[in-house]
Amino acid sequence: MTTTSLKIGFIGLGTMGAPMAQHLIQSGHQLFVHTRGRVPPAIAESRATQCVTARGVAERADVIFTMVPDTPHVEAALFGETGVAAGLSKGKTVVDMSSISPIATKDFAQRINALCCDYLDAPVSGGEVGAKNATLSIMVGGPDAAFERVKPLFELMGKNITLVGGNGDGQTAKVANQIIVALNIEAVAEALLFAAKAGADPARVRQALMGGFASSKILEVHGERMLRRTFDPGFRIELHQKDLNLALASARALGVALPNTATAQELFNTCVAHGGAGWDHSALVRALEAMANFEIGQAPAR
């Protein structure tokens, strides 16, 4: 399979999916697209072909990507009455880049394999910025041969591309990623709130910490968001909630305790209760601020 004349399907043109599909279009591939709601103008005005159903995409494309919000959406896109499975023929490849249940993913893969097609789960990390800049980390589960065939397309959307293992292992890696990110956000929020309430300049504290062992991408990017109060979403709290629900449900099935993950989820729940489902996940700090009755940036009482 060459990378110069592929027929590619892309289902799900939201915040992440739209720029990812745009990279494929700009690389000269023939795209067949479908999404709920309005097709973004940049793609509508491109040479991509809009299809009425996911089945129509699968009938026309050799590799079909899905990028939708949650497990039920993937199942509907793949196995609904007018879904991808209804339009597949032998030898095609389905690549789900959504972040969904590892357990459900294994079932979806078996159902697609039964149609003599390959299945890759390939969730991503990097948010909207990574999607726009084609710098996503892509965690892949599935057979080696299918991964090697699709890898040139992954390279158009991301930089750190890893075949983790078999089907479901990519989703497991993504769940692990979201645990680490959530707990790092919580740690940065606690640290900056503590510093601010103690009377130190939280911006200078962050600057000092950036040069030490506590330095992290979360401290760099989301620490600045907390200081500047810029909570317009790069990654919405409601989506991180969904990912932590996957982590906690999978952990229960495995008999594993994730106590700090559960705490981070409760803090996200607090934000949602205050109308913050659509806030950036760095706004987790607002839940801690509410408990402290103190906001980073205000002057502490003397």
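**Notes on the salt bridges**

1. Let's start with Arg 111, which is partly exposed, with a relative accessible area of 32%. Bear in mind that this is a predicted model. The partner to look at is Asp 107: the two form a salt bridge, and their closest N and O atoms are 3.4 Å apart. Asp 107 counts as partly exposed too, at 34% relative accessibility.

2. Where do Arg 111 and Asp 107 sit? Both are in helix α5 (residues 102–113), and because they are four residues apart there, about one helical turn separates them.

3. Next, have a look at Arg 149 and Asp 118, whose side chains meet in a salt bridge at 2.5 Å, N to O. Arg 149 belongs to helix α7 (residues 144–154) and Asp 118 to strand β6 (residues 118–121), so this pair ties together parts 31 residues apart in sequence. Arg 149 is partly exposed at 29% relative accessible area, and Asp 118 is partly exposed at 25%.

4. Then there's Arg 225, in a salt bridge with Asp 280; here the closest N and O atoms are 3.8 Å apart. Arg 225 lies in helix α10 (residues 217–228), while Asp 280 is in the loop between α12 (259–273) and α13 (285–292), so the pair links parts that are 55 residues apart in sequence. Buried or exposed? Both Arg 225 and Asp 280 are buried.

5. Back to Arg 111 for a moment: salt bridges with shared partners join Glu 75, Asp 107 and Arg 111 into one network.

Methods. Residues numbered from 1 in each chain as written. Predicted model: local features only at pLDDT ≥ 70, side-chain atom pairs only at ≥ 80, totals over all residues. Heavy atoms only, no water. Salt bridge = Lys/Arg side-chain N within 4 Å of Asp/Glu carboxyl O. Helix = DSSP H or I, 4+ residues; strand = E, 2+ residues; numbered from the N terminus. Buried < 20%, exposed > 50% of the residue type's maximum accessible area, 1.4 Å probe, protein only.
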